[in-house]
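Hi there,

Here is the structure I promised to pass on to you. Have a look at it first, and then read on for what turned up in it.

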Amino acid sequence: MFELITQTFNASMVAVTQLFLSTVITTNPWFEGLDIQYLGLRHEIVCNTRLQDSFTETLDEVLLSGQNITLHFRFDLHVPGDPKPLQSKEIVNGFRFDSEANVYYLVNSEEQKLEKFFTIGAAKDTYITVRNLVVVNTENLDPDQEYFLRVTAFLDPIKLENKSESVNLMMRWASVKPTIASEKFKIQVGAT
């Protein structure tokens with residue numbers, strides 16, 4: 001009898017798991033490229049990058065929920081062979097849809113200004129893009145040392161009104177944080 005109850009329970013768990021997984025469409029986002037520029041006079045490294053394949057139908061539904069959806073970009077400057085970053089910077093892009101006004105709002109933790117968009121395409125494009133972001137101060141870096149920049153992105157979990165538990169949005173990204181690393185480079189003394 002116990003074995004029959006265990007088999008029934010296991011079959012029910014498999015059915016529930018398959019139902020849950022079938023309703024979540026995942027994608028495997030990746031960084032389209034990583035453009036870094038060294039501004040020697042200002043002692044800065046500036047970065048541009050963009051995620052690709054980062055949206056699915058189920059993630060779009062979450063974006064339209066009216067909740068604040070936060071996307072993190074983390075920039076780590078490394079010395080080759082050292083897993084601990086020498087410098088780090090993280091920015092957060094926030095996305096919220098106002099269904100009454102039919103407006104998409106974005107805020108970036110770096111600029112801290114609220115932007116309005118009237119199409120979801122324009123809002124999503126800005127949401128997944130980093131443009132001209134100062135990510136490293138090079139003033140105290142050794143010009144003879146090689147460095148590389150690693151960028152990672154991830155989504156925060158959210159709490160939906162009709163759910164008792166938080167929703168892990170990283171499941172929409174197959175639970176993988178997209179990551180890209182630059183080529184090794186040296187700081188050029190006197191570069192502009």
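Two strands pair if DSSP finds at least two bridges between them; helices (H or I, at least four residues) and strands (E, at least two) are DSSP runs, numbered from the N terminus. Please keep in mind that this is a predicted model, where local features need pLDDT of at least 70, side-chain atom pairs count only at pLDDT 80 or more, and totals for chains, interfaces and linings use all residues. Residues are numbered from 1 along each chain as its sequence is written, and side-chain values use heavy atoms, leaving out hydrogens and water.

With β3 (residues 69–78), β8 pairs in the antiparallel sense over 8 bridges. Of the 10 residues in β8, 8 are buried (under 20% relative accessible area; exposed is over 50%, partly exposed in between, with a 1.4 Å probe and protein chains only).

Next, the salt bridges (a side-chain nitrogen of Lys or Arg within 4 Å of a carboxyl oxygen of Asp or Glu): the whole structure has 7. In one of them, R50 meets D125 at 2.3 Å, N to O. R50 lies in strand β2 (residues 44–52) and D125 in helix α3, so this pair ties together parts 75 residues apart in sequence. R50, D125 and R131 form a network of salt bridges.

Enjoy exploring!
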